[in-house]
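Colleague: I am new to this structure and would like to learn how its features are read. Could we go through them one at a time?

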Amino acid sequence: MRVLLAAFALALAVPAQAATSFSTDVTDLWWNPDESGWGVNLIQQNNIVFATFFVYDANNRAHWYVASSMTATTASASGATFQGDLFESNGPWFGVPFNAAGVARNRVGTATLQVAFPASGIITYTVNGATVTKAIRRQTWAANDASGTYEGARTILSASSSGCNIGSSSFSGIRIAQSQATFSMSGNLAGASCQFNGDYSQDGHLGASSGTFSCSDGFGGTYALGEIETTLYGFMARYSGSERNCTVSGRIGGVRTTIIRQVAQ
């Protein structure tokens, strides 16, 4: 059933690549791993989420609902809540020519999405007075590969004490090598040659890595990359870690300098 769900999702979901600057991007196929066979596609643009539910009705038949304009009511670095009306659509057979005038939309209730960034959430929706609440998370069926070369920067936005360094540093000549379980990154960070080595995991289209790093000038510590977005054009991630007796957090990213060969279908 999981294979069927993943195949169905591939036909439905819009490619998820940093679609918003409003918050962590919730765009992905979300599901409950203990209840394979249904799910919800979430597509975010700015503060609006478009949700498509493929679920089952009271007669165990496959059914579709759409919340086409779920608007953010709360948002922070740790999570967000989106709410909107839920609709049921009926229309003519999807043949040629399609008669758009034959489509009817009926409001059946509301939908609320509560997301704890980066990968877990609660979806609550009401259909004609019946309320369903489910725990959901991003579904992963293929790991992104950030391997390549980049030119970028690291920005530290906050630190544990006033004596810690805050600001941006160039990160040049970045080389990333990644597998489904390991991650390494090297480059020239603020004038020193640095090497990062750690693990790799992925939830939906967002990756994560944590490990240790060391630099040629004696600088080193631990790092954690969260919400890694990898595209044809580069990568970006949340950055946190411990260095020089400071706990820091910020951003890291780079523009891809290698050409990615795309396979024609």
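**Strands, cores and a pocket**

Modeller: Let us start with two paired strands: E16 and E17 run antiparallel and are joined by 10 bridges, where strands are DSSP runs of at least two residues, numbered from the N terminus, and two strands pair if DSSP finds at least two bridges between them. This is a predicted model, in which local features need pLDDT of at least 70 and side-chain atom pairs count only at pLDDT 80 or more, while totals for chains, interfaces and linings use all residues. Residues are numbered from 1 along each chain as its sequence is written, and side-chain values use heavy atoms, with hydrogens and water left out.

Colleague: Which residue in E17 is the bridge partner of Ser242, and what lies between E16 and E17 in the hairpin?

Modeller: The partner of Ser242 is Thr247, and the hairpin has two residues between its strands, with Arg244 in the turn showing a positive phi of about 50°. E17 also runs antiparallel to E9, to which nine bridges join it, and there Ala153 has Gly253 as its bridge partner in E17.

Colleague: How should I read a nonpolar core, and how many residues has the largest one?

Modeller: In soluble globular proteins, nonpolar side chains tend to be buried together. A nonpolar core is a set of buried Ala, Val, Leu, Ile, Met, Phe, Trp, Tyr and Cys residues joined through side-chain atoms within 4.5 Å, and buried means under 20% relative accessible area with a 1.4 Å probe, protein chains only. Here the largest core has 26 residues, and Ile176, Met185, Phe196, Leu225, Tyr239 and Ile252 have the most contacts inside it. Among the strands that each supply at least two residues of this core are E9, E10, E16 and E17. Apart from it lies another core of 25 residues, including Trp38, Val49, Phe53 and Ile123.

Colleague: Is Thr52 buried or exposed, and which residues does Thr52 touch?

Modeller: Thr52, which lies in strand E3 (residues 48–56), counts as buried because its relative accessibility is 15%. Contact means heavy atoms within 4.5 Å, and, not counting residues up to four places away in sequence, Thr52 touches Gly39, Val40, Asn41, Trp64, Tyr65 and Val66.

Colleague: What lines the second largest pocket?

Modeller: A pocket, on a 1 Å grid over the protein atoms alone, is an open set of points where a 1.4 Å probe fits, with protein on both sides within 12 Å along at least five of seven lines, and lining residues have an atom within 4 Å of a point. This one is lined by 17 residues, of which Thr20, Ser23, Thr24, Asp25 and Glu227 lie nearest its centre, and E16 gives the largest share of the lining, three residues.

Technical notes
Buried means under 20% relative accessible area, exposed over 50%, partly exposed in between (1.4 Å probe, protein chains only). Helices (H or I, at least four residues) and strands (E, at least two) are DSSP runs, numbered from the N terminus.
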